[in-house]
Amino acid sequence: MATAVPITASDVRGGPIPPPRTEINQVVLQVYDGDGLWFEDGDGNPKTLLQVRLYGINAPEYNAPGGSDAKQFLRRLIQGQVARCVIVEIDGRHNRPVGVCFDGRGKDLACALVWYGHAHATNAKYYPCDRSRLPPPGPPPF
């Protein structure tokens, strides 16, 4: 029986980039960092995966303070499960799709990261998730 080998960033290069308004419903193969997910890109080559950055937030880089915690939190939320991502734009700097992504129960992954302090909202869409701005009453808004 073959042993699974973890995929690392140095092993993978980006696959085809889906245009905005594309919806992806696939298993998350790996969490890249606190705000990036890797999916199968459909070409059958394990060295080319589709990386999607979560829209509207910024999590610390893996090697920065809090980066490892953000990655582990997102990994526990979604790795190995189906995520639904709607691509909203292409990040010109890194040439990768940026999407609003949800878990199988409809939980907005970016909002969860912000709510639990693993990322900062960079778009007004996620300000309600940021308890440091104005703590909302009641349960999390996701």
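In what pattern do helices and strands follow one another when the protein is read along the sequence?

**Figure 1. Overview of the predicted model.** Along the sequence, the protein follows the pattern β-β-β-β-β-β-α-β-β-α-β. The protein holds two helices and nine strands. It has 142 residues, of which 42% count as buried. Taking the contacts between residues at least 6 apart in sequence, 61% join residues at least 24 apart. The accessible surface comes to about 7900 Å², and 53% of this area belongs to carbon and sulfur atoms.

**Figure 2. The aromatic pair of Tyr32 and Trp38.** Rings of Phe, Tyr and Trp are paired if their centres lie within 6.5 Å, and by this rule the protein has two aromatic pairs. In the pair shown here, the ring centres of Tyr32 and Trp38 are 5.2 Å apart and the planes stand at 50°, so the pair counts as tilted. Tyr32 is partly exposed, with a relative accessible area of 29%. Trp38 has a relative accessible area of 4%, so this residue is buried.

**Figure 3. The aromatic pair of Phe73 and Tyr116.** This pair is also tilted, with 5.5 Å from centre to centre and 50° between the planes. Phe73 belongs to helix H1, which spans residues 67–78. Tyr116 lies in the loop between helix H2 (109–115) and strand S9 (120–121). The two residues are 43 residues apart, and their pair links distant parts of the chain. Phe73 is buried at a relative accessible area of 12%, whereas Tyr116, at 41%, is partly exposed.

**Figure 4. Surroundings of His118.** His118 is found in the loop between H2 and S9. Is this residue buried or exposed? Its relative accessibility is 19%, so His118 counts as buried. Leaving aside residues up to four places away in sequence, His118 touches Ala59, Pro60, Asp69, Ala70, Phe73 and Leu113. One of these, Phe73, is also a member of the aromatic pair with Tyr116.

**Figure 5. Lys71 and the ring of Tyr62.** The charged end of Lys71 sits over the ring of Tyr62. The distance from this charged end to the ring centre is 4.7 Å.

Figure 6. Val82 is found in strand S7, which covers residues 82–91. With a relative accessibility of 44%, Val82 counts as partly exposed.

**Figure 7. Arg21, a residue with positive phi.** Phi of Arg21 is near 75°, a positive value in a residue other than glycine. Arg21 is located in the loop between strand S1 (13–14) and strand S2 (23–27). Its relative accessibility is 76%, and Arg21 therefore counts as exposed.

**Figure 8. Asn95, a residue with positive phi.** Asn95 is not a glycine, although its phi is positive at about 55°. Where does Asn95 lie? The residue is in the loop between S7 and strand S8 (96–102). Exposed residues have over 50% relative accessible area, and Asn95, at 51% relative accessibility, counts as exposed.

Terms used:
Residues are numbered from 1 along each chain as its sequence is written. This is a predicted model: local features need pLDDT of at least 70, side-chain atom pairs count only at pLDDT 80 or more; totals for chains, interfaces and linings use all residues. Side-chain values use heavy atoms; hydrogens and water are left out. Rings of Phe, Tyr and Trp (its six-membered ring) pair if their centres lie within 6.5 Å; planes under 30 degrees apart count as stacked, over 60 as edge-to-face and the rest as tilted. Buried means under 20% relative accessible area, exposed over 50%, partly exposed in between (1.4 Å probe, protein chains only). Helices (H or I, at least four residues) and strands (E, at least two) are DSSP runs, numbered from the N terminus. A charge sits over a ring if NZ of Lys or CZ of Arg is within 6 Å of the ring centre and within 35 degrees of the ring normal. Contact means heavy atoms within 4.5 Å. Accessible areas come from the Shrake-Rupley method with a 1.4 Å probe; for residues, only the protein chains shown count as cover.
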